[in-house]
Amino acid sequence: MADEALFQFLHNEVIQYIYKSAEHGEMENGRCISKLENMGFRVGHGLIERFTKDTVRFKDELDVMKFICKDFWTSVFKKQIDNLRTNHQGIYVLQDNKFRLLTQLSAGKQYLEHAPKYLAFTCGLVRGGLSNLGVKSIVTAEVSVMPACKFQVMIQKI
C-alpha cells in the first residue's frame, strides 16, 4: 500500500515539475504532455523487460494486449483493466473504471481539462511496453466521467 502512495506522489510531483518549468516559458501544454508521454515510454519499455523475462513468447497481438491488461496493469496499478474491447482490426480499448492516478482529483467536471496531463505518462507506459514486445502503436486516452478512463491503442502495421 505504501508503494502505491509513493508512486502516486512521485507521479504528481513529476507533473508539477514539468508544468512549473513550462510557466517559465520553456514549454507549452502540448510539449509538457509530450515530455510526460516520453518519460512513460522509457519506463514502460524497461518494465516490460523485467516482467516478461520468464514468460513464453506471445503468439499474436491479442495475447500481448491480454498480458498488458492483466499482468502489466496489475504490476503497475495493483488491479487489472476492467474491460478490453477490440474491433479485430488493430484497435483496442482498455477501460479502467477507477484509474488510480485520477482518483485524487474530484469527480466533478471542473477537473476534466486537467485529465490529459495525468494520463500522458500512462499512455507512454503502455506504448513503451508494447514497443518492447515488438508492437508499434499509438496510445491515446479519454475521460468522460472521473475517475474512469479509456485508453485507445491503435496498432500500426510495420
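Biologist: Which helices each supply at least two residues of the lining of the largest pocket?

Modeller: Happy to take you through that. A word on the source before we start: this is a predicted model, in which local features need pLDDT of at least 70, side-chain atom pairs count only at pLDDT 80 or more, and totals for chains, interfaces and linings use all residues. Residues are numbered from 1 along each chain as its sequence is written, and side-chain values use heavy atoms, with hydrogens and water left out.

Now to your helices: α1 (2-23), α2 (29-51), α3 (61-77) and α4 (115-132) each give at least two residues to the lining of the largest pocket. Helices here are DSSP runs of H or I with at least four residues, and strands are runs of E with at least two, numbered from the N terminus. The largest share, 7 residues, comes from α1.

The pocket itself has a volume of about 330 Å³. Of its 19 lining residues, F7, L10, V43, V76 and F121 are the closest to the centre. On a 1 Å grid over the protein atoms alone, a pocket is an open set of points where a 1.4 Å probe fits, with protein on both sides within 12 Å along at least five of seven lines; lining residues have an atom within 4 Å of a point. The volume is the space filled by probe spheres set on the points, which are joined across faces, edges and corners.

The buried residues of α2 are C32, L36, E37, G40, G44 and I48, where buried means under 20% relative accessible area, exposed over 50% and partly exposed in between, with a 1.4 Å probe and protein chains only.

K78 has a positive phi of about 65 degrees although it is not a glycine, and at a relative accessible area of 40% K78 is partly exposed.
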